[in-house]
Structure formats: structure tokens, C-alpha cells
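Me: I have a structure open here and would like to talk it through. Could we go over it piece by piece?

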Amino acid sequence: MRLGILGGTFNPIHFGHLRAAEDAREKGNLDKVIFIPAGNPPIKISDLSDASHRYEMTRIAISSNKNFEISDIEIQQKEKSYAINTIKILRKIYPNDELFFILGIDAFLDLPNWWQPERIVEEIDFIIVSRPGYELSEIFKSPYVKKDTKTLSDFLILNSGRKVFPIQITQMGISSTEIRNIIKKGMSIKYLLPESVEHYIYKNNLFK
């Protein structure tokens with residue numbers, strides 16, 4: 001199968017995450033998208049709710065989509081959630097499947113600042129999705145894209161030989177930070193995330 005890997009803190013998960021995953025699945029011809037909530041993110045994040053809450057919010061948010069799955073492989077680990085370690089574990093779990101790392105164009109351009117980025121681009125193919133404030137053509141700024149590549153096409157080749165599939169997705173302009181700030185102000189978060197997630201947040205008094 002062709003499996004998309006979508007990692008993140010999902011603090012909380014919202015419609016922007018879900019629509020990006022659905023666009024990536026459909027336009028990237030994926031069989032499944034696997035959501036992987038970060039257990040211990042390498043970069044410290046303020047207002048980070050407990051991993052168990054973020055996992056549960058993600059689980060209930062994707063429960064109605066048969067093409068979405070969730071994995072707890074990162075929150076089960078005590079060490080920091082480095083992408084290269086997650087990819088190595090996934091290779092063992094899905095040895096006969098094609099894996100695609102789903103990243104926003106902003107995250108892909110920041111890849112040189114990640115832990116062992118050279119190994120990441122050698123281990124997995126990518127689906128790069130558009131993000132507000134960025135053009136997909138900025139992908140050529142990445143040091144990992146072959147220098148003789150000049151134009152966007154169905155896919156690009158990295159220096160490592162791996163493929164990158166740029167995909168234009170529905171832009172929703174929603175952020176988890178914005179949602180947390182709205183909650184702190186005591187304002188409504190309706191229509192920014194699934195109703196089931198909204199109820200979970202209020203039931204567990206999160207992000208206050």
C-alpha cells in the first residue's frame with residue numbers, strides 16, 4: 001500500500017490538519033494516512049497538552065474516515081520524537097509498503113535544522129503540501145532538491161534519489177496556536193475543529 005505519514009503535536013488537531021491529510025491522500029493517490037501525535041517534541045512548545053489528550057483528540061477527530069489511522073509509536077517512546085527514528089520504526093512495521101512523509105512547504109524548507117536531515121531524505125519519499133504565505137515553487141530553495149530541476153512537475157527528485165510530490169491543498173488558515181488563544185479568551189472555537197474535539201477540550205478543561 002501507499003501510506004502517508006502525518007506527524008505533529010496536534011495541540012489540538014483541527015480542520016486544517018484534516019483537510020490537508022485528505023487532499024494529500026486523494027491527490028497523492030494514497031491508500032491510508034497515518035496520524036502520529038508527537039510524544040516529546042524536539043523543540044519545546046508552550047501550552048503543550050499531555051500526549052494522552054493529544055492522542056485522544058486526534059483519534060476521535062479521524063474516527064469517521066476509514067482512510068485515516070492513528071499510531072502511538074511516538075508517545076510510547078521516552079526519548080525525543082525525532083523524525084528519523086519514527087521513520088526507521090515505520091519501516092519495520094510496514095516493510096512491504098511505500099511510505100510518504102507529508103510535510104508543509106514551510107517544514108520542508110526548515111528540514112536542514114532537523115535532527116539528521118540527510119538521513120531523513122535518504123530514507124523516505126515526500127508529499128509536500130502548500131501552506132498560507134508560501135508558494136510551492138519555493139521548494140527549489142531546499143538544498144536537497146536536485147540543482148538541475150527548474151520547474152514544478154508531478155514529482156521532483158532529491159539529491160538522494162528520493163521523490164518529492166508537491167501538492168496544492170485547500171488553504172484554511174487555521175492554527176492550533178490561534179485555537180488555544182481563542183480558548184484562553186473565553187471565545188468560541190466552533191467550526192475550527194470537529195465538534196467531538198471541541199467537546200473533549202471543554203470536558204477536560206484543556207488550554208485554559
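Me: How many salt bridges does the structure hold?

Reply: This is a predicted model, and the structure holds 10 salt bridges. As background, side chains of opposite charge can pair when their charged atoms come close.

Me: Which residue forms a salt bridge with K32?

Reply: The partner of K32 is E69, and the closest N and O atoms are 3.7 Å apart. This pair links distant parts of the chain, since K32 belongs to strand β2 (residues 32–37) and E69 to strand β3 (residues 68–70), 37 residues apart.

Me: And E69, how does it count in terms of accessibility?

Reply: E69 has 32% relative accessibility, so it counts as partly exposed.

Me: What about D47, which residue is its salt-bridge partner?

Reply: D47 pairs with K184, with the closest N and O atoms 2.3 Å apart. Here too distant parts of the chain are linked: D47 sits in the loop between β2 and α2 (51–62), K184 sits in helix α6 (residues 176–184), and the two are 137 residues apart. D47 is partly exposed, with a relative accessible area of 37%, and K184 is partly exposed at 42%.

Me: E198 and K190 meet in a salt bridge as well. Is E198 buried or exposed?

Reply: E198 is buried, because its relative accessible area is 7% and the limit for buried is under 20%. K190, in contrast, is partly exposed at 40% relative accessibility. The N to O distance in this salt bridge is 3.7 Å.

Me: Changing topic to the sheet. What is the order of its strands?

Reply: It is an open sheet of 7 strands in the order β3-β2-β1-β4-β5-β7-β6, with mixed pairing. The edge strands are β3 and β6 (156–157), each of which pairs on one side only.

Me: Where does β5 stand, and which strands are joined to it?

Reply: Strand β4 (residues 98–104) is joined to β5 by 5 bridges, and the two run parallel. β5 is also joined to strand β7 (residues 163–167), by 4 bridges and again in parallel. In these pairings, I102 stands opposite I127 in β5, and F126 stands opposite V164 in β7.

Me: How many bridges pair β1 and β4?

Reply: β1 and β4 pair over 4 bridges, in the parallel sense. Within that pairing, L3 stands opposite L99 in β4.

Me: On to the largest pocket. How much space lies in it, and which residues lie nearest its centre?

Reply: About 1500 Å³ of space lies in the largest pocket. Its lining has 48 residues, and G7, G8, T9, A107 and W114 lie nearest the centre. The elements that give two or more residues to this lining are β1 (2–8), α1 (15–27), α3 (83–93), β4, α4 (105–109) and α6.

Me: How do the residues of that lining divide into nonpolar, polar and charged?

Reply: The lining of the largest pocket divides into 25 nonpolar, 18 polar and 5 charged residues.

Me: Where is there a cis peptide bond?

Reply: A cis peptide bond joins N11 and P12, with omega about 5°. P12 is in the loop between β1 and α1, and F10 is found in that loop as well. F10 has a positive phi, near 50°, in a residue other than glycine. F10 counts as buried, at 2% relative accessibility. For context, most residues other than glycine have a negative phi, and most peptide bonds are trans.

Me: What does S176 contact, leaving aside its neighbours within four places in sequence?

Reply: S176 is in contact with N11, P12, H14 and H17, those neighbours aside. S176 is in helix α6 and is buried, with a relative accessible area of 12%.

Me: Last one: is N29 buried or exposed?

Reply: N29 is exposed, with a relative accessible area of 55%. N29 lies in the loop between α1 and β2, and its phi is positive, about 55°, although it is not a glycine.

How values were computed:
Residues are numbered from 1 along each chain as its sequence is written. This is a predicted model: local features need pLDDT of at least 70, side-chain atom pairs count only at pLDDT 80 or more; totals for chains, interfaces and linings use all residues. Side-chain values use heavy atoms; hydrogens and water are left out. Two strands pair if DSSP finds at least two bridges between them. A salt bridge is a side-chain nitrogen of Lys or Arg within 4 Å of a carboxyl oxygen of Asp or Glu. Buried means under 20% relative accessible area, exposed over 50%, partly exposed in between (1.4 Å probe, protein chains only). On a 1 Å grid over the protein atoms alone, a cavity is a set of points where a 1.4 Å probe fits but cannot get out, and a pocket is an open set with protein on both sides within 12 Å along at least five of seven lines; lining residues have an atom within 4 Å of a point. Grid points are joined across faces, edges and corners, and a volume is the space filled by probe spheres set on the points. Ala, Val, Leu, Ile, Met, Phe, Trp, Tyr, Cys and Pro count as nonpolar, Asp, Glu, Lys and Arg as charged, and the others, Gly among them, as polar. Contact means heavy atoms within 4.5 Å.
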